[in-house]
Amino acid sequence: MKRLLIALSILGLAGVSDAAQAVNWWDLGNTKVGPAETLKQFHTYFKEQNPNMPLEKYALGSYAFSPEMYSQYQEAIQFNPGDLTLSQGKALWTKAFANGKTYASCYPDGGKGVAAHYPMYDPKTHDIVTIGTSLNACRKANGEAPLKYGSSDMIALQTYLTSLSNGMPVDVQVQGPGATKAFEEGKAYFFMKRGQLNFSCATCHVAYAGKYLRAQIISPVQGQSAHFPTYRAAWSAVNTLQKRMQGCDKKVGAIPQPLESADYKRLEYFMSYLSNGIKINVPGYRP
């Protein structure tokens with residue numbers, strides 16, 4: 001606990017109330033209760049922490065905790081810079097491959113509503129399929145070279161495909177032993193401490209969700225995946241949830257993993273499941 005308090009002091013979090021520390025949030029990391037019970041426990045935990053906040057408001061992330069910040073958010077999204085990336089993605093989406101087909105040919109209903117179910121577990125490959133890996137699989141099926149993860153074109157396509165599910169609730173499924181194993185591995189990674197600060201994802205986004213980190217409020221894990229890809233003023237660009245994972249690892253002094261690594265895909269799977277029931281709004285906008 002002493003090490004944690006020192007680290008929190010470094011990050012500017014030492015001034016938060018002792019009530020947050022008193023909550024036994026670490027029990028949420030139990031990997032033996034199963035996905036459905038995990039989701040129930042997280043909903044209960046955040047309901048106890050914020051009894052007057054409805055589930056759908058978690059889509060706002062940190063903006064849900066400050067009326068002043070929410071007012072700024074409403075002004076910012078009138079001219080969301082992320083819309084430029086969205087337009088870029090639409091142009092790429094509709095541009096035909098050399099064989100005459102487009103990305104829409106790879107997805108049911110031309111891609112409408114499919115992002116609400118990603119990431120998903122593929123029992124054939126025993127792996128997690130994300131929006132990004134599905135786009136490269138589409139390119140391969142149509143004789144095109146894969147795009148680099150994190151590239152401008154890939155991010156734009158991820159943004160546009162996800163936007164085709166705007167207004168729909170996240171509905172990630174975890175069914176069968178393989179999917180459950182991948183989910184639990186993502187959960188374990190979420191609660192695993194790492195880096196020089198010895199932090200886990202849960203340290204900030206569960207235990208201290210809604211509290212200030214210097215001038216910014218830490219967002220809760222519940223609802224995070226619903227607004228990614230998102231434009232962040234700190235980036236001056238749109239980026240993905242996995243890019244944010246890399247940034248978090250760097251901040252705690254850990255070595256970030258490559259985009260679409262096995263750990264990051266499973267972590268995204270777990271985090272997205274925790275956003276089930278929260279409506280998608282992409283591209284998001286964050287400080």
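**Entry 1: α8 against α11**

I began with a helix pair: Ala179, Ala182, Phe183, Glu185, Gly186, Lys187, Tyr189 and Phe190 of α8 meet Asp263, Tyr264, Arg266, Leu267, Tyr269, Phe270, Met271 and Tyr273 of α11. Contact here means heavy atoms within 4.5 Å. By class I get 11 nonpolar, one polar and four charged residues for the contact of α8 with α11. Nonpolar covers Ala, Val, Leu, Ile, Met, Phe, Trp, Tyr, Cys and Pro, charged covers Asp, Glu, Lys and Arg, and the others, Gly among them, are polar.

Some bookkeeping: this is a predicted model, where local features need pLDDT of at least 70, side-chain atom pairs count only at pLDDT 80 or more, and totals for chains, interfaces and linings use all residues. Residues are numbered from 1 along each chain as its sequence is written, and side-chain values use heavy atoms, with hydrogens and water left out.

Helices (H or I, at least four residues) and strands (E, at least two) are DSSP runs, numbered from the N terminus. I looked up the geometry next: α8 (residues 177-191) and α11 (residues 262-274) pack at about 95 degrees, with their axes 7 Å apart. The axes are lines fitted to C-alpha atoms, for helices over the stretch in contact, and angles run from 0 to 180 degrees between N-to-C directions. The two helices, α8 and α11, are therefore roughly perpendicular (65 to 115 degrees; under 35 is roughly parallel, over 145 roughly antiparallel, the rest oblique).

**Entry 2: Tyr189**

Tyr189 sits in helix α8 and counts as buried at 7% relative accessibility. Buried means under 20% relative accessible area, exposed over 50%, and partly exposed in between (1.4 Å probe, protein chains only). Leaving aside neighbours within four places in sequence, I find Tyr189 in contact with Arg194, Cys201, Asp249, Gln257, Asp263, Tyr264 and Leu267. Tyr189 and Tyr264 are 75 residues apart in sequence, yet 8.7 Å apart in space, C-alpha to C-alpha.

**Entry 3: the cores**

Which residues have the most contacts inside the largest nonpolar core? I noted Phe42, Phe190, Val206, Val221, Tyr269 and Met271, in a core of 59 residues. Such a core is a set of buried Ala, Val, Leu, Ile, Met, Phe, Trp, Tyr and Cys residues joined through side-chain atoms within 4.5 Å. Its largest share, seven residues, comes from α11. Val206 touches Trp25, Leu28, Phe42, Tyr45, Phe46, Phe190, Cys201 and Val221, not counting residues up to four places away in sequence. Apart from this core lies another, of 16 residues, among them Phe97, Tyr103, Met154 and Leu161.

**Entry 4: cysteines**

I found one disulfide, a pair of cysteine sulfur atoms within 2.5 Å. The bond joins Cys106 to Cys138, S to S 2.1 Å, and is right-handed, with 75 degrees about the S-S bond. Cys106 lies in the loop between α5 (82-94) and β1 (120-122) and Cys138 in helix α6 (residues 131-141), so the pair ties together parts 32 residues apart in sequence. Cys106 is partly exposed at 31%, whereas Cys138 is buried at 2%.

Cys201 is buried at 16%; Cys248 is partly exposed at 25%.

**Entry 5: α5 against α7**

I checked another pair: α5 and helix α7 (residues 152-163) pack at about 90 degrees, axes 7 Å apart. That makes α5 roughly perpendicular to α7. The residues of the contact of α5 with α7 divide into eight nonpolar, six polar and two charged.
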